[in-house]
Amino acid sequence: MTEHPHRTAARIHPHGEEDTAPARPALRVVHELDGIDLAAAETAAGQFLNALGISTASESLRATPGRMARAYAELLSPRPFDLTTFPNDEGYDELVLARRIPVRSVCEHHLLPFVGTAHVGYLPGARILGLSKLARVVEHFSCRPQVQERLTKQVADWLQIHLEPKGVGVVIEAEHACMTLRGVQATGSTTMTSTLLGLLRSDARSRSEFLALTGASS
């Protein structure tokens with residue numbers, strides 16, 4: 001992952017005067033891959049299917065290895081984004097929570113997908129975050145082979161470091177194909193994980209509010 005500043009314009013106060021303090025630069029977040037070779041991936045996908053006794057000679061399966069390669073390349077390639085933050089001029093100190101953020105990732109043990117939703121919240125400090133960026137951070141860490149426990153903690157830790165809030169909470173609930181389609185075949189089962197940092201961990205009232213709003217305490 002590469003993170004580097006991206007210049008932003010000077011702020012203008014509501015009364016029209018320009019803020020002489022330098023604007024805080026946005027953080028450009030790019031996940032650097034070692035390189036995607038779609039041609040090699042397509043060849044490997046064809047060999048994989050053939051090794052499992054699935055011929056790709058028919059018209060309907062001839063293009064399947066290429067589609068497999070492109071599909072996994074898309075699943076494993078997060079989009080770059082700017083982590084845009086703004087000064088918390090009004091001193092807002094209540095919970096900010098984005099619920100039901102879609103999550104899609106692949107289990108690192110079987111490379112089968114797991115899908116679900118994330119609830120991400122924080123107690124603001126000196127700065128607040130553009131709301132869409134909570135979803136961007138979830139996507140950023142989802143687009144790689146993962147386990148749900150690590151994904152939950154990575155999102156929370158990253159926001160704690162880069163936003164410096166008073167507290168962060170992340171709850172993820174997902175259905176894992178490696179559980180529902182194979183092995184135990186526990187159709188309909190979901191897994192829930194949570195990470196709480198700062199006041200959302202140490203303060204009982206804040207913790208209860210967060211968990212109640214996410215539905216994790218019901």
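In which loop is glutamine 185 found? Select it and you will land between helix H5 (177-180) and E10; helices (H or I, at least four residues) and strands (E, at least two) are DSSP runs, numbered from the N terminus. We will come back to this residue at the end of the tour.

Before you click on, note that this is a predicted model, in which local features need pLDDT of at least 70 and side-chain atom pairs count only at pLDDT 80 or more, while totals for chains, interfaces and linings use all residues. Residues are numbered from 1 along each chain as its sequence is written, and side-chain values use heavy atoms, with hydrogens and water left out.

**Stop 1: the sheet**

Colour the strands E8, E5, E6, E9 and E10: in that order, these 5 strands form an open sheet with mixed pairing. Two strands pair if DSSP finds at least two bridges between them. E8 (145-146) and E10 stand at the edges with a single partner strand each, so one side of each has no neighbour in the sheet.

Now select E9, residues 167-176. Of its 10 residues, 8 are buried (under 20% relative accessible area with a 1.4 Å probe, protein chains only; exposed is over 50%, and partly exposed lies in between). On one side, E9 runs antiparallel to E6 (residues 113-123), joined by 10 bridges; look for leucine 123 opposite glycine 167. E9 also runs antiparallel to E10 (residues 191-198), with 8 bridges, and here valine 171 stands opposite serine 194.

Next, move to E5 (residues 96-107), which is antiparallel to E6 and joined to E6 by 9 bridges. Valine 103 in this pair faces glycine 116 in E6.

**Stop 2: helices on the sheet**

Show H7, residues 204-214. This helix packs on the sheet and touches E5, E6, E9 and E10, with its direction at about 30° to that of E9. Then show H3 (residues 132-142), which lies across E5, E6 and E8 and runs at about 15° to E5. Axes are lines fitted to C-alpha atoms, for helices over the stretch in contact, and angles run from 0 to 180 degrees between N-to-C directions.

**Stop 3**

Centre on leucine 159. Leaving aside neighbours within four places in sequence, leucine 159 has contacts (heavy atoms within 4.5 Å) that include Val120, Leu129, Val137 and Val168.

**Stop 4**

Select Met68, Tyr72, Ala73, Leu76 and Leu111, the closest to the centre of the largest pocket among its 21 lining residues. H1 gives the most to this lining, with 5 residues.

Pick arginine 100 in strand E5. Although not a glycine, arginine 100 has a positive phi of about 60°, and at 55% relative accessibility this residue counts as exposed. Finally, return to glutamine 185, which is not a glycine either but has a positive phi of about 50°. Glutamine 185 counts as exposed, at 51% relative accessibility.

Methods
1 Å grid on protein atoms, 1.4 Å probe; cavity = no way out; pocket = protein on both sides within 12 Å on 5 of 7 lines; lining within 4 Å.
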